[in-house]
Amino acid sequence: QVQLVESGGGLVQAGGSLRLSCAASGSIFSIPVMGWYRQAPGKQRELVALLLSGGSTNYADSVKGRFTISRDNAKNTVYLQMNSLKPEDTAVYYCNAHVVARITAPPLNYWGQGTQVTVSS
(Lines give C-alpha, C1' and ligand atoms only; values in the text may rest on other atoms or scores of the structure.)
Protein backbone atom coordinates (compact mmCIF):
# COMPACT_ATOMS: atom_id res chain seq x y z
CA GLN A 1 0.00 0.00 0.00
CA VAL A 2 1.09 3.56 -0.72
CA GLN A 3 0.14 6.81 0.99
CA LEU A 4 0.39 10.29 -0.50
CA VAL A 5 0.46 13.12 2.01
CA GLU A 6 0.03 16.66 0.75
CA SER A 7 0.85 19.94 2.44
CA GLY A 8 1.22 23.62 1.61
CA GLY A 9 -2.27 24.76 0.72
CA GLY A 10 -3.87 27.84 2.17
CA LEU A 11 -5.28 31.29 1.56
CA VAL A 12 -3.33 33.80 -0.51
CA GLN A 13 -4.05 37.06 -2.25
CA ALA A 14 -4.08 37.33 -6.02
CA GLY A 15 -0.55 37.67 -7.32
CA GLY A 16 0.87 35.71 -4.44
CA SER A 17 2.65 32.37 -4.32
CA LEU A 18 2.23 28.99 -2.67
CA ARG A 19 4.25 25.79 -2.75
CA LEU A 20 2.53 22.44 -2.48
CA SER A 21 4.34 19.27 -1.43
CA CYS A 22 3.33 15.64 -1.72
CA ALA A 23 5.32 12.84 -0.12
CA ALA A 24 4.78 9.22 -1.09
CA SER A 25 5.46 6.42 1.38
CA GLY A 26 4.88 2.69 1.61
CA SER A 27 5.71 -0.11 -0.80
CA ILE A 28 7.59 1.75 -3.52
CA PHE A 29 10.04 0.42 -6.10
CA SER A 30 9.67 3.35 -8.49
CA ILE A 31 7.30 6.17 -9.34
CA PRO A 32 7.24 6.70 -13.11
CA VAL A 33 4.77 9.58 -12.97
CA MET A 34 3.86 12.16 -10.33
CA GLY A 35 1.51 15.04 -10.82
CA TRP A 36 -1.07 17.48 -9.56
CA TYR A 37 -4.74 17.82 -10.39
CA ARG A 38 -7.32 20.28 -9.10
CA GLN A 39 -11.06 20.43 -8.69
CA ALA A 40 -12.99 23.64 -8.27
CA PRO A 41 -16.56 23.67 -6.90
CA GLY A 42 -19.01 22.45 -9.50
CA LYS A 43 -16.28 21.50 -11.94
CA GLN A 44 -14.55 18.29 -12.98
CA ARG A 45 -11.11 17.41 -11.74
CA GLU A 46 -8.50 18.65 -14.20
CA LEU A 47 -4.81 18.11 -14.81
CA VAL A 48 -2.53 20.88 -13.56
CA ALA A 49 0.94 19.43 -14.11
CA LEU A 50 2.66 16.09 -14.67
CA LEU A 51 6.29 15.11 -14.22
CA LEU A 52 7.68 11.88 -15.60
CA SER A 53 10.68 10.17 -14.05
CA GLY A 54 12.76 11.02 -17.11
CA GLY A 55 12.12 14.71 -16.54
CA SER A 56 9.41 15.43 -19.09
CA THR A 57 6.67 17.77 -17.94
CA ASN A 58 3.16 18.58 -19.05
CA TYR A 59 1.22 21.63 -17.89
CA ALA A 60 -2.33 22.83 -18.33
CA ASP A 61 -2.42 25.86 -20.61
CA SER A 62 -3.97 27.92 -17.82
CA VAL A 63 -0.91 27.53 -15.57
CA LYS A 64 1.97 27.57 -18.06
CA GLY A 65 4.56 30.14 -17.11
CA ARG A 66 3.16 30.48 -13.58
CA PHE A 67 3.40 27.00 -12.05
CA THR A 68 6.45 24.73 -11.87
CA ILE A 69 6.42 21.05 -10.98
CA SER A 70 9.51 19.36 -9.58
CA ARG A 71 10.40 16.26 -7.60
CA ASP A 72 12.96 14.92 -5.16
CA ASN A 73 13.41 11.29 -6.13
CA ALA A 74 15.35 10.47 -2.97
CA LYS A 75 12.39 11.61 -0.88
CA ASN A 76 9.65 10.37 -3.25
CA THR A 77 8.25 13.88 -3.07
CA VAL A 78 6.72 16.09 -5.74
CA TYR A 79 6.33 19.85 -5.47
CA LEU A 80 4.18 22.43 -7.19
CA GLN A 81 5.44 25.99 -7.05
CA MET A 82 2.55 28.30 -7.84
CA ASN A 83 3.31 31.92 -8.65
CA SER A 84 1.16 34.82 -9.83
CA LEU A 85 -1.89 33.10 -8.42
CA LYS A 86 -5.31 34.11 -9.69
CA PRO A 87 -8.77 33.72 -8.11
CA GLU A 88 -9.56 31.13 -10.79
CA ASP A 89 -6.80 28.94 -9.37
CA THR A 90 -8.96 28.40 -6.30
CA ALA A 91 -9.60 24.66 -5.95
CA VAL A 92 -8.77 21.54 -4.03
CA TYR A 93 -5.42 20.33 -5.33
CA TYR A 94 -4.77 16.59 -5.44
CA CYS A 95 -1.46 14.80 -5.72
CA ASN A 96 -1.35 11.80 -8.04
CA ALA A 97 1.29 9.12 -8.44
CA HIS A 98 1.74 6.03 -10.58
CA VAL A 99 3.64 3.70 -8.28
CA VAL A 100 5.45 0.46 -9.02
CA ALA A 101 5.60 -1.60 -5.81
CA ARG A 102 8.14 -4.15 -7.04
CA ILE A 103 10.11 -4.78 -10.18
CA THR A 104 7.59 -7.24 -11.68
CA ALA A 105 4.46 -5.29 -10.74
CA PRO A 106 2.45 -2.94 -12.97
CA PRO A 107 2.10 0.70 -11.89
CA LEU A 108 -0.89 1.47 -9.68
CA ASN A 109 -2.61 4.84 -9.45
CA TYR A 110 -2.79 6.63 -6.09
CA TRP A 111 -4.33 9.91 -4.95
CA GLY A 112 -3.66 12.20 -2.04
CA GLN A 113 -6.41 13.49 0.22
CA GLY A 114 -6.38 16.95 -1.33
CA THR A 115 -5.34 20.36 -0.07
CA GLN A 116 -7.38 23.53 -0.40
CA VAL A 117 -5.93 26.51 -2.24
CA THR A 118 -7.94 29.71 -2.04
CA VAL A 119 -6.90 32.85 -3.92
CA SER A 120 -8.66 36.04 -2.93
CA SER A 121 -9.09 38.98 -5.30
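## The open sheet

Four strands make up an open, antiparallel sheet, ordered E1-E3-E8-E7; strands here are DSSP runs of at least two residues, and helices (H or I) of at least four, numbered from the N terminus. Two strands count as paired if DSSP finds at least two bridges between them. Because E1 and E7 stand at the edges with a single partner strand each, one side of each is left without a neighbour in the sheet. From one strand to the next, the twist averages 15 degrees (axes are lines fitted to C-alpha atoms, and angles run from 0 to 180 degrees between N-to-C directions).

E1 and E3 run antiparallel and are joined by six bridges. Ser7 stands opposite Ser21 in E3.

## About the model

This is a predicted model: local features need pLDDT of at least 70 and side-chain atom pairs count only at pLDDT 80 or more, while totals for chains, interfaces and linings use all residues. Residues are numbered from 1 along each chain as its sequence is written, and side-chain values use heavy atoms, with hydrogens and water left out.

## The nonpolar core

The largest nonpolar core holds 31 residues, and Trp36, Leu80, Met82 and Tyr93 have the most contacts inside it. Such a core is a set of buried Ala, Val, Leu, Ile, Met, Phe, Trp, Tyr and Cys residues joined through side-chain atoms within 4.5 Å. Strands supplying at least two residues of this core each include E1 (2-7), E3 (18-26), E7 (67-72) and E8 (77-82). E9 gives the largest share, five residues.

Buried residues make up 42% of the 121 residues in the chain, where buried means under 20% relative accessible area, exposed over 50% and partly exposed in between (1.4 Å probe, protein chains only).

## The chain as a whole

The chain has eleven strands and zero helices. Its radius of gyration, 14 Å, is close to the 14 Å that the globule rule gives for 121 residues, so the chain is as compact as a globular protein of that length. That radius is taken over C-alpha atoms, and the rule is 2.2 Å times the number of residues to the power 0.38.

## The start of the chain

Gln1 lies in the segment before E1 and counts as exposed because its relative accessibility is 64%. Gln1 and Gly26 are 25 residues apart in sequence, yet their C-alpha atoms are 5.8 Å apart in space. Leaving aside neighbours within four places in sequence, Gln1 is in contact (heavy atoms within 4.5 Å) with Ser25, Gly26, Ser27 and Tyr110.
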